[in-house]
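Hi,

Here is the structure I promised to pass on to you. My notes on what turned up in it follow below.

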Amino acid sequence: MDQDSTSSVPPEILTAVNLSQVIADAGQPLTILQSINLSIRAGESVAIVGASGSGKSTLLGLLAGLDLPTSGDVLWQGEAINRWSEDARAAWRATQVGFVFQSFQLLGHLTALENVLLPLELMATGQGLNARQGRERALALLAQVGLAERGHHFPKQLSGGEQQRVALARAFMMQPRLLFADEPTGSLDEHAAARVIDLLFEINQAQGTTLVLVTHDRRLAERCQRQFRLQAGQLAGATQPEVTLEL
C-alpha cells in the first residue's frame, strides 16, 4: 500500500469534542449531554438515535450552531463554530447548511415555489444567481420531488407528505454542504414517509451533501452509513461504515 492509499477517504468536516450541555432545572443543574465526542466525514450520512429525552435534538442544535454548549467545541473543518459570533454562525448556516424539520416550517402566505425560493431571497449574494436562474433551480427541485404542478399552491392546499417534499426542495435550494434533519418523517403516514425517505437520500446523494439526522424511524436510520446512539445524554455506541481504500 503506497502513501496515497488513504486519499479516497473523505476528510472529517464536523466534529464534536468533549461536548456537554447543562441547564438549570428548579435551581439545580441538569445534564442534557455529557462529554460527546464524534466526527462526521464529508458526504457521509449519519443518524442520531435514542429514546425520547436522550438528548438527540439538543445535540443536533449544538452541531448546527443554533445553541451554544456549556463546555466543549463543535468544529467545522477544524474551526470551533461555538466560538464565533452569532452573526458569523448565522452567515455560516445561510451559506453552508440546510434544515428539514418535523413540522415542515413552511410559510403559509407563500406558495410552494415561493417557499423553495425563500433561502435565496434571504441571502444577500444569492449565490450569484439572478431571479430567472433562481426560479429555474426552484422549479427543477419541485419537479425532482414530484411537485412540478403544485408550485402555485399554498401549504394549506397540500397534504403533509407534499409539504415535507416542499421542505426538502427548500433545504436543498442553496446546495448546502451540510443538511440537518430533525424527525423528517415524524408527522407523516407510512406511505408519505417512505416517499420522503427515498427523496431525501436521492437528492442528498446527487448533491454530495453531508447528512445528519435525528430520527425514531428505524427505516430512515438504517439508510444512513452510521448511527450514533444516545442514552441518557451520553454516546452509547456507533455503527461504523465500511471504507474501501484504493490500492
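Asn 18 sits in strand S1 (residues 12-25); helices (H or I, at least four residues) and strands (E, at least two) are DSSP runs, numbered from the N terminus. Despite not being a glycine, Asn 18 has a positive phi of about 50 degrees. Most residues other than glycine have a negative phi. With a relative accessibility of 43%, Asn 18 counts as partly exposed, where buried means under 20% relative accessible area, exposed over 50%, and partly exposed in between (1.4 Å probe, protein chains only).

Before the rest, a word on the source: this is a predicted model, in which local features need pLDDT of at least 70 and side-chain atom pairs count only at pLDDT 80 or more, while totals for chains, interfaces and linings use all residues. Residues are numbered from 1 along each chain as its sequence is written, and side-chain values use heavy atoms, with hydrogens and water left out.

Phe 104 is another non-glycine residue with a positive phi, here about 70 degrees. Phe 104 is in the loop between S6 and H3 and, at 11% relative accessibility, counts as buried.

Now to the pocket, which may interest you. The largest pocket holds about 470 Å³ of space. For the method: on a 1 Å grid over the protein atoms alone, a pocket is an open set of points with protein on both sides within 12 Å along at least five of seven lines, whereas a cavity is a set of points where a 1.4 Å probe fits but cannot get out; lining residues have an atom within 4 Å of a point. Grid points are joined across faces, edges and corners, and a volume is the space filled by probe spheres set on the points.

The largest pocket has 15 lining residues, and those nearest its centre are Arg 93, Val 97, Phe 99, Pro 119 and Leu 122. At least two lining residues come from each of helix H2 (86-96), strand S6 (97-101), helix H3 (112-122) and helix H5 (160-171). S6 gives the largest share, 4 residues. Sorted by class, the lining has 12 nonpolar, 1 polar and 2 charged residues (Ala, Val, Leu, Ile, Met, Phe, Trp, Tyr, Cys and Pro count as nonpolar, Asp, Glu, Lys and Arg as charged, and the others, Gly among them, as polar).

Next, helix H6. H6 (residues 190-207) has 18 residues and spans 26 Å from its first C-alpha to its last, close to the 26 Å expected at 1.5 Å a residue; the expected span is 1.5 Å times one less than the number of residues. Asp 189 caps the N-terminal end of H6, with a side-chain oxygen 3.2 Å from the backbone nitrogen of His 191. Just after H6, Gly 208 has a positive phi of about 70 degrees. Among the buried residues of H6 are Ala 192, Val 196, Leu 200 and Phe 201. The buried residues of H6 pack against strand S3 (45-49), H4, H5, strand S7 (178-182), strand S8 (210-214) and helix H7 (218-222).

Not counting residues up to four places away in sequence, Leu 141 touches Ala 169, Phe 172, Met 173 and Gln 207, contact meaning heavy atoms within 4.5 Å. Leu 141 and Arg 170 are 29 residues apart in sequence, with their C-alpha atoms 8.2 Å apart in space.

Thr 215 lies in the loop between S8 and H7 and is buried, at 2% relative accessible area. Its side chain reaches the backbone nitrogen of Asp 217 at 2.8 Å. That is a polar contact: a pair of N or O atoms within 3.5 Å, where within protein one must be able to donate a hydrogen and the other to accept it, and residues adjacent in sequence count only if both atoms are side-chain atoms. Leaving aside neighbours within four places in sequence, the contacts of Thr 215 include Ala 47, Val 49, Glu 183 and Leu 220.

Lastly, helix H1 (residues 56-63) has 6 of its 8 residues buried, so H1 is largely enclosed by the rest of the structure. Gly 65 follows H1 and has a positive phi, near 70 degrees.

Best wishes
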